[in-house]
Amino acid sequence: MIRQPSRHCTVEVQAVPARIGHVRRIVSAQLRYWHLDALVDPAALGVTELLANVHRHARPSKQCTVELCVLLDQLTVSVHDLDPRMPRLRAAASWETCGRGLALIAALSEDWGVRPHAQGKVVWFTLPALTSAPEEARALHPHWAPASAEEAGADPRPRSRSARVG
């Protein structure tokens, strides 16, 4: 049973160092807006790693789209870039200063993956969006309780935001 409508946010950005921190702040603010404060740190770290990979490896363009989607008590964070080459998980030697990004994504997430896209690829990871029991969550977040839009006095459409950075 779905306890709340899906929530969705996209940010289009050039994956350059000056913009990565800005996107991290957007992701953090959006998660706080959705009352998912516990996910701010892992999601911000994960999106930073994925954007750093686009900056370092994607060709010919650094243009990408970051997407946050909450559905069925799960947050999915994805980054779509225009480079069709698929990344691979590798074991970095102890002396190497890079090469651990996807291993970090795998360690901090419930699940992750890469899929081809019509233009480029999408790298994604998931985090649990509900850490307490459903009864506790409804007590903490009464807007999750089933009610008609008229009774709640709210807009019945799911919350969705988009932004373009850079």
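# Exercises on a predicted model

Strand E1 (residues 7–14) runs antiparallel to strand E2 (residues 63–71), and 8 bridges pair them. The model is predicted. Keep the structure open and work through the tasks.

## Exercise 1: Strands

**Task.** Find which residue in E2 is the bridge partner of histidine 8. Then state how many bridges join E2 to E3.

**Solution.** 
- Step 1. Start at histidine 8. Its bridge partner in E2 is cysteine 69.
- Step 2. Move on to strand E3 (residues 74–81). E2 and E3 run antiparallel and are joined by 8 bridges.
- Step 3. Check one pair there. Valine 66 has valine 79 in E3 as its bridge partner.

## Exercise 2: The turn between E2 and E3

**Task.** Describe what E2 and E3 form, and look at phi in the turn.

**Solution.** 
- Step 1. E2 and E3 form a hairpin, with 2 residues between them.
- Step 2. Take leucine 72 in the turn. Its phi is positive, about 55 degrees.
- Step 3. Take aspartate 73, in the loop between E2 and E3. Aspartate 73 is not a glycine, yet its phi is positive, about 60 degrees.
- Step 4. Classify aspartate 73. Its relative accessibility is 24%, so it counts as partly exposed. The class runs between the cut-offs of 20% and 50%.

## Exercise 3: Helices H1 and H2

**Task.** Decide how H1 and H2 are oriented: roughly parallel or roughly antiparallel? Then give the handedness of the crossing.

**Solution.** 
- Step 1. Find H1 at residues 17–33 and H2 at residues 40–57.
- Step 2. Read the geometry. The axes come within 9 Å and cross at roughly 150 degrees.
- Step 3. Apply the cut-off. Angles over 145 degrees count as roughly antiparallel. H1 and H2 are therefore roughly antiparallel.
- Step 4. The crossing of H1 past H2 is right-handed.
- Step 5. List some contacts. From H1 they include Ile20, Val23, Val27 and Leu31; from H2 they include Ala44, Val47, Leu51 and His55.
- Step 6. Sort the contact residues by class. There are 11 nonpolar, 3 polar and 2 charged.

## Exercise 4: Helices H2 and H3

**Task.** What are the angle and the axis separation?

**Solution.** 
- Step 1. H3 covers residues 101–108. It packs against H2 at about 155 degrees, with the axes 10 Å apart.
- Step 2. That angle makes H2 and H3 roughly antiparallel.
- Step 3. Their crossing is left-handed.
- Step 4. Name the contacts. Pro42, Leu45, Gly46, Glu49, Leu50 and Asn53 of H2 meet Gly101, Leu102, Leu104, Ile105 and Leu108 of H3.
- Step 5. Sort the residues. The contact has 7 nonpolar, 3 polar and 1 charged.

## Exercise 5: Loops

**Task.** Find where proline 60 lies. Then explain why histidine 35 counts as it does: buried, partly exposed or exposed?

**Solution.** 
- Step 1. Proline 60 is in the loop between H2 and E2.
- Step 2. From arginine 59 to proline 60 the peptide bond is cis, with omega near 5 degrees.
- Step 3. Go to histidine 35, in the loop between H1 and H2. Its phi is positive, near 65 degrees, and it is not a glycine.
- Step 4. Histidine 35 has 47% relative accessibility, so it counts as partly exposed.

Technical notes:
Residues are numbered from 1 along each chain as its sequence is written. This is a predicted model: local features need pLDDT of at least 70, side-chain atom pairs count only at pLDDT 80 or more; totals for chains, interfaces and linings use all residues. Side-chain values use heavy atoms; hydrogens and water are left out. Two strands pair if DSSP finds at least two bridges between them. Helices (H or I, at least four residues) and strands (E, at least two) are DSSP runs, numbered from the N terminus. Axes are lines fitted to C-alpha atoms, for helices over the stretch in contact, and angles run from 0 to 180 degrees between N-to-C directions. Angles under 35 degrees count as roughly parallel, over 145 as roughly antiparallel, 65 to 115 as roughly perpendicular and the rest as oblique. A crossing is left-handed if the near helix is turned anticlockwise from the far one by less than a right angle, and right-handed if clockwise. Contact means heavy atoms within 4.5 Å. Ala, Val, Leu, Ile, Met, Phe, Trp, Tyr, Cys and Pro count as nonpolar, Asp, Glu, Lys and Arg as charged, and the others, Gly among them, as polar. Buried means under 20% relative accessible area, exposed over 50%, partly exposed in between (1.4 Å probe, protein chains only).
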